[in-house]
Amino acid sequence: MKIISENHVELPVCHRQICILYRLLSEKQDDGYTHYGIHAENAATGEALTIPDITVNQSMARRLYDSLLRGKVTTVSFREVVEDFLGSM
């Protein structure tokens with residue numbers, strides 16, 4: 001998958017900072033469409049989750065990605081927040 005955008009946020013947790021890295025991903029599929037996904041990684045623990053095929057709509061993928069950044073969503077709740085976002089569409 002190709003990285004379209006990459007950002008990180010710092011979260012204060014128990015008197016220390018945790019860095020969460022987010023990547024907006026794209027991949028051209030055999031169906032002719034570009035599919036978008038998102039990767040989230042906790043730099044402190046190495047825990048990483050990727051949801052590769054969220055949508056073919058780039059603006060929807062960008063809105064979700066921006067929402068994750070603003071909300072400082074951790075890897076613990078990442079999948080649930082993505083599911084809730086898609087359920088609200």
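## A strand pair and its sheet

In this predicted model, Ser-26 stands opposite Tyr-36, which belongs to β3. Strand β2 (residues 16–28) and β3 run antiparallel and are joined by 9 bridges.

The open sheet is built from 4 strands in the order β1-β2-β3-β4, with antiparallel pairing. Because β1 (2–13) and β4 stand at the edges and each have a single partner strand, one side of each is left without a neighbour in the sheet. Direction ignored, neighbouring strands of this sheet are turned by 20° against each other on average. Helix α2 (residues 78–87) packs on the sheet, where it touches β3 and β4, and its direction makes about 15° with that of β4.

## The nonpolar core

The largest nonpolar core has 21 residues, of which Tyr-22, Ile-38, Leu-64, Leu-68 and Phe-78 touch the most other members. Two or more residues are given to this core by each of β1, β2, β3, β4, α1 (58–71) and α2, and the largest share, 6 residues, comes from α1.

Residues up to four places away in sequence not counted, Leu-64 touches Ile-38, Ile-54, Val-82 and Phe-85.

## The loop around Ala-44

Ala-44 lies in the loop between β3 (34–42) and β4 (48–55). Neighbours within four places in sequence left aside, Ala-44 is in contact with Arg-16, Ile-18 and Cys-19. Thr-75 is 31 residues from Ala-44 along the chain, and the C-alpha atoms of the two are separated by 11 Å.

Methods: Residues numbered from 1 in each chain as written. Predicted model: local features only at pLDDT ≥ 70, side-chain atom pairs only at ≥ 80, totals over all residues. Heavy atoms only, no water. Contact = heavy atoms within 4.5 Å. Pairing = 2+ DSSP bridges. Axes fitted to C-alpha atoms, helices over the stretch in contact; angles between N-to-C directions. Core = buried A, V, L, I, M, F, W, Y, C linked by side-chain atoms within 4.5 Å. Buried < 20%, exposed > 50% of the residue type's maximum accessible area, 1.4 Å probe, protein only.
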